[in-house]
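This report describes a two-chain model. It treats the helix packing between the chains, then the individual elements, and ends with the confidence of the prediction.

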Amino acid sequence: MSERHPLFLPLVLAGGLTFGFGLGLSGMVRPEVVLAFLQGEDLGLLFVLGGGAAVAGIGFRLLPRLADRAPLTGDAYGRRTKAFDRNVVAGGAVFGAGWGLSGICPGAAYASLGVGNWPVLWALAGMFLGAYAQARLRTFAAPTTTTSTTAD
Amino acid sequence: MALDVAALFPNGVLPYAAGGLLVGLGVVVIYAGTGIIAGASTFLESTLSYVSGNARLNRPKYLASRDWRVVFTLGIVGGGALYALTLGGGAWTTEVQPWRLLAGGVLVGAGTRLGKGCTSGHGVCGVGSASRTSIVGVVTFLAVAVGVAALVSALGVTP
């Protein structure tokens, strides 16, 4: 891997700070607010997803017109387009079940920890466990290497 | 038939919209400088590569991005803290029961990795990219979440 631009990590940190402050302001860091939304009691969260997607959409369209390559990496500006398969629906359903049960999602959980909501450590521990279990199960189902899958 | 729109937004829409705009801005700031479209949940897998030799967790794209994803996540934690110290009025803890957070977290962690994205990856970055895959993902997880939240509530579980 080539040497990174000295401003790469500071910029990522600045983006994360903005992202996390926004999650705090939006109420996403509070499981109670998310559960009230999912139960139709306060639909304000539609404006969080809508507002975030709108700003991202404008940025993803505008920047490729302003420059050919990103200044800190030299990479071309692309879009987030992932291939569709049935895992998108199955995984989305599992994710939705967890979100509906707990009222918390990954980004909001990180920001919620910053708010001082220490019980969210239960959710974060669960997320790491779930991601690990999913990787183990898929390694078992479809080994990505020819070596034995018994060793971790 | 009069639909009371205000009743659907008891806390108005301003903090929600402003928060959403900042979430989008955070994504665009990173994109503008690096070309990277950062979702929140890949951090789970890429960070696990520090402690696990599992082949799926050690794919090159995770090894190459795991350090900046830690920085991104620390930024999100810091942003939440900045909010609490300014507009948020101090620290705050949830009343939602630990078993719901833990069990829900397990499903969220497994589901986001199987389904290729979470609320920020699919919901903000993917929808912002007009990706059909992400739109299907968002509709799926929203519909299931509404159903599960209603079921849990109907079973009398509070909070």
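H5(A) and H4(B) cross with right-handed geometry; a crossing is right-handed if the near helix is turned clockwise from the far one by less than a right angle, and left-handed if anticlockwise. The contact is made by A:Gly107, A:Tyr110, A:Ala111, A:Ser112, A:Leu113 and A:Gly114 on the side of H5(A), and by B:Thr73, B:Ile76, B:Val77, B:Gly78, B:Gly79, B:Gly80, B:Ala81 and B:Ala84 on the side of H4(B). Residues are in contact if their C-beta atoms, placed from the backbone, lie within 7 Å. By class, this contact has seven nonpolar, seven polar and no charged residues. Ala, Val, Leu, Ile, Met, Phe, Trp, Tyr, Cys and Pro count as nonpolar, Asp, Glu, Lys and Arg as charged, and the others, Gly among them, as polar.

The model is predicted: local features need pLDDT of at least 70, side-chain atom pairs count only at pLDDT 80 or more, and totals for chains, interfaces and linings use all residues. Residues are numbered from 1 along each chain as its sequence is written, while chains are lettered from A and ligands numbered from 1 in the order in which they are written.

On H3(A) the contact involves A:Leu49, A:Gly52, A:Ala53, A:Ala56, A:Gly57 and A:Phe60, and on H6(B) it involves B:Gly123, B:Val124, B:Cys125, B:Val127 and B:Gly128. These residues comprise seven nonpolar, four polar and no charged. The table sets out both pairs.

| Helix of chain A | Helix of chain B | Axes | Angle |
|---|---|---|---|
| H5 (residues 106-114) | H4 (residues 60-85) | 6 Å apart | about 50° |

Axes are lines fitted to C-alpha atoms, for helices over the stretch in contact, and angles run from 0 to 180 degrees between N-to-C directions. H5(A) and H4(B) are therefore oblique to each other.

The whole contact takes 109 residues from chain B and 111 residues from chain A. On the side of chain B, H2(B) gives the most, with 20 residues. That side has 64 nonpolar, 38 polar and seven charged residues.

Chain B has seven helices and zero strands; helices are DSSP runs (H or I) of at least four residues and strands (E) of at least two, numbered from the N terminus. Its C-alpha atoms fill a box of roughly 55 × 35 × 35 Å along the principal axes. Of its 159 residues, 55% count as buried. A residue is buried if 20 or more other C-beta atoms lie within 10 Å of its own, exposed if 12 or fewer, and partly exposed in between.

In chain A, seven of the eight residues of H2 (residues 31-38) are buried. H3 and H4 of chain A, together with H7 of chain B, are included in what covers them. A:Gly40 follows H2(A) and has a positive phi, near 75°.

A:Phe84 lies in the loop between H3 and H4 of chain A. A:Phe84 is partly exposed, with 16 other C-beta atoms within 10 Å. Beyond four places in sequence, A:Phe84 touches B:Arg132, B:Thr133 and B:Val136.

Chain A averages a pLDDT of 92, and 92% of the residues score at least 70; pLDDT is the predictor's confidence in each residue, from 0 to 100. Over residues 145-152 of chain A, pLDDT stays under 50. Where pLDDT is low, the predicted coordinates should not be read in detail.

Definitions and conventions
Contact = placed C-beta atoms within 7 Å. Parallel < 35°, antiparallel > 145°, perpendicular 65-115°, else oblique.
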